[in-house]
Amino acid sequence: MKWVEICGTHTNTDLIEAFAWFDGDLRLKFIADPEIVKIEDPDRKIYIKLCHQLGVRPYEEVLADV
């Protein structure tokens, strides 16, 4: 298991199915949970931190390479 801190909560990243930044929110989709969790992130700070902690490039950087 890999744990990250998101807004004061330790989150098991093995349970994150998908995540994205959209319209000022970090959106998280957890395995076996139909709901999408929205966390206010107007400056994308949490999103960028999560990308780096998980070893993936932010979506916008990937688009720049296409």
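# Core, sheet and helix in a predicted model

Q: What is Ile16 in contact with, leaving aside its neighbours within four places in sequence?
A: Ile16 is in contact with Thr11, Leu28, Lys29 and Phe30 once those neighbours are set aside, where contact means heavy atoms within 4.5 Å. This is a predicted model, in which local features need pLDDT of at least 70 and side-chain atom pairs count only at pLDDT 80 or more, while totals for chains, interfaces and linings use all residues. Residues are numbered from 1 along each chain as its sequence is written, and side-chain values use heavy atoms, with hydrogens and water left out.

Q: And where does Ile16 lie, and is it buried or exposed?
A: Ile16 lies in strand β3, and it counts as buried because its relative accessible area is 12%; buried means under 20% relative accessible area, exposed over 50%, and partly exposed in between, with a 1.4 Å probe and protein chains only. Strands (E, at least two residues) and helices (H or I, at least four) are DSSP runs, numbered from the N terminus.

Q: How do β3 and β4 pair?
A: Strand β3, residues 16-22, pairs with β4 in the antiparallel sense over six bridges, given that two strands pair if DSSP finds at least two bridges between them. Within this pairing, Trp21 stands opposite Leu26 in β4, and Ala20 stands opposite Arg27 in β4.

Q: Which residue takes a positive phi in the hairpin of β3 and β4?
A: That is Asp23, with a positive phi near 55 degrees, in a hairpin that has two residues between the strands.

Q: What does β4 do with β5?
A: β4 and strand β5, residues 36-40, pair in the antiparallel sense over five bridges, and the bridge partner of Asp25 in β5 is Glu40. The hairpin of β4 and β5 has five residues between the strands, and there Ala32 takes a positive phi near 65 degrees. Ala32 and Ile16 are 16 residues apart in sequence and 9.7 Å apart in space, C-alpha to C-alpha.

Q: Switching to the core: which residues make up the largest nonpolar one?
A: The largest nonpolar core has 11 residues, namely Val4, Ile6, Ile16, Leu26, Leu28, Phe30, Ile39, Ile46, Tyr47, Leu50 and Cys51. A nonpolar core here is a set of buried Ala, Val, Leu, Ile, Met, Phe, Trp, Tyr and Cys residues joined through side-chain atoms within 4.5 Å.

Q: Which elements give two or more residues to this core?
A: They are β1 (3-6), β4 (25-30) and α1 (45-54), and α1 gives the most, with four residues.

Q: Which residues of α1 are buried, and why do they line one face?
A: The buried residues of α1 are Ile46, Tyr47, Leu50 and Cys51. Seen down the helix axis, they fall within an arc of 140 degrees, so they line one face of α1; the arc is that of the directions from the helix axis to the C-beta atoms. On the other side of α1, Lys45 and His52 are exposed.

Q: What does Ile46 touch beyond four places in sequence?
A: Leaving those neighbours aside, Ile46 is in contact with Ile6, Cys7, Leu26, Ile39, Glu40 and Asp41.

Q: How many disulfides are there, by the way?
A: The count comes to zero, with a disulfide taken as a pair of cysteine sulfur atoms within 2.5 Å. The sulfur of Cys51 is 15 Å from the closest cysteine sulfur, in Cys7, which is too far for a bond. Cys51 is itself buried, with a relative accessible area of 1%.

Q: What comes just after α1?
A: Just after α1, Gly55 takes a positive phi of about 75 degrees, and its place is in the loop between α1 and α2 (59-64). Gly55 counts as exposed because its relative accessibility is 67%.

Q: Last one: what does the side chain of Asn12 reach?
A: It reaches the backbone nitrogen of Asp14 at 2.9 Å. Asn12 is found in strand β2, residues 9-12, and counts as buried at 10% relative accessibility. Not counting residues up to four places away in sequence, Asn12 touches Met1, Lys2 and Trp3.

Methods
A polar contact is a pair of N or O atoms within 3.5 Å; within protein, one must be able to donate a hydrogen and the other to accept it, and residues adjacent in sequence count only if both atoms are side-chain atoms.
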